[in-house]
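Please keep the sequence and the structure in view while reading.

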Amino acid sequence: MVATSLSPANLILDWFDLNQRSFPWRATGGENPNSYWVWLSEIMLQQTNTTTVQPYFLDFIKRWPTVNDLASAKLDQVLHAWQGLGYYARARNLHKCAKIIVEEFNGEFPDDEKKLLSLPGIGPYTAAAISAIVFEFNATPVDGNVERVMARLNNVTKPLPLVKGELIALAKNSTPQKRFGDYAQAVMDLGATVCVPKKPKCSICPCKSICIGFKAGNPEKLPQRSPKKALPTRYAKIYFMRNHQNQVFIRRREEKGLLGGMMELPSTEWSVQHFDKLEESFLSIGIVNWKQIPNSVKHTFTHFHLEMQVYEGVADENTDISGIWCNLEDLDKQAFPSLMKKVLKHAMSYLKI
Ligand code: SF4
């Protein structure tokens, strides 16, 4: 199809017809999009890029070919398969959402943006993406890629997050009254391959002739961002405890909250107080020879840095605490978040086990 006018939408759609990326979840050659695949890929892409997501996506649809299969899976299996993809709350919501789709919607994703928005793990971006791509509704998903393209095309120089609403409105206004699914994917592709964050490839961009940011001379600087606040640091002591059978003590975190439902080594609270001032109640469970392992483990979450001092000790036979004694060789089958993997690696390489 050839552009009938120099609107950004027509230019981007014509470019998409020749340059669209191919992904395992994308429909090609007139196929109908698979709603389960689109939803699954969009949830996975909420936190990372398409290169990282592809092997996870293929693994998920091999293990659970349909939303019904995913709904019937055990949560632990899903969390384990999710390892390395970021926040486990997303995996828990994915599983919860699959169950609701099966139990309340007969295994079909609802063709209604508001109903999609009411499902666990589906926010405005994902609801709009599913509506446009799967159901061909007039919906405009707006993520960082789309914000960047809109800021540059229109030379919006005020900083994010202040200007977020304006960029969403620009994205909605530029959505054409046709090919909603293609257009949503076309802007995503343009932002990911041409109008990239650093060194945008303006010389090959279909919008070069109408891009105000390009004409103004420095599109790479857009969108501007307000300076970030420095993250606070929290501190904790964490315990690598073995028994005389050389098993390691682990336990499950509370379902709610950060890393909810994941496995962990026991620790003190994660406190804004420095190590020296931390409550050491866990030290009193019968191990008299706690030894501190040199060097702390550092990890950064979205809102804070965490620094952990790791202790190791061997428990008395009659130590009575609630959790699991796990064989060393079975540790990698547990759904540990990357923080706990770092701690385990730190302790085990120090102890040479
Ligand atoms: Fe982005 Fe450059 Fe294209 Fe403008 S011309 S949309 S800045 S790649």
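Leaving aside its neighbours within four places in sequence, with which residues is M150 in contact? In this predicted model, the residues that M150 contacts beyond those neighbours are V156, L167, L170, A171, S174 and Y183.

M150 belongs to helix α9, which covers residues 144–153. Its relative accessible area is 2%. Because buried means under 20% relative accessible area, M150 counts as buried.

**Helix α2**

Helix α2 spans residues 35–44, and nine of its ten residues are buried, so the rest of the structure largely encloses this helix. The buried residues are S35, Y36, V38, W39, L40, S41, E42, I43 and M44. They pack against six helices: α3 (50–63), α4 (67–72), α5, α6, α8 (124–135) and α11 (180–193).

The protein chain is divided into domain 1 (8–221) and domain 2 (233–351).

| Property of domain 1 and domain 2 | Value |
|---|---|
| Separation of centres, over C-alpha atoms | 37 Å |
| Area buried between them | about 860 Å² |
| Salt bridges across the interface | two salt bridges |
| Polar contacts, both residues at pLDDT 80 or more | eight residue pairs |

The size of an interface is often expressed as the accessible area lost when the parts come together. Here, 45% of the buried area lies on carbon and sulfur atoms. On the side of domain 1, Y87, Y88 and R92 lose the most area to domain 2, and together they account for 51% of what that side buries.

In terms of contacts, eight residues of domain 1 touch 15 residues of domain 2. The side chains of R92 and E255 form a salt bridge, with a distance of 3.9 Å from N to O. The elements that give two or more residues to the side of domain 1 touching domain 2 are α5 (75–82) and α6 (88–105). Of these elements, α5 gives the most, with four residues. By kind, the residues on that side of domain 1 comprise four nonpolar, two polar and two charged.

Conventions:
Residues numbered from 1 in each chain as written. Predicted model: local features only at pLDDT ≥ 70, side-chain atom pairs only at ≥ 80, totals over all residues. Heavy atoms only, no water. Domains from an automatic or database assignment. Contact = heavy atoms within 4.5 Å. Buried area = accessible area lost by both parts, 1.4 Å probe. Salt bridge = Lys/Arg side-chain N within 4 Å of Asp/Glu carboxyl O. Polar contact = N/O pair within 3.5 Å; in protein donor to acceptor, adjacent residues only side chain to side chain. Nonpolar A, V, L, I, M, F, W, Y, C, P; charged D, E, K, R; others polar. Buried < 20%, exposed > 50% of the residue type's maximum accessible area, 1.4 Å probe, protein only.
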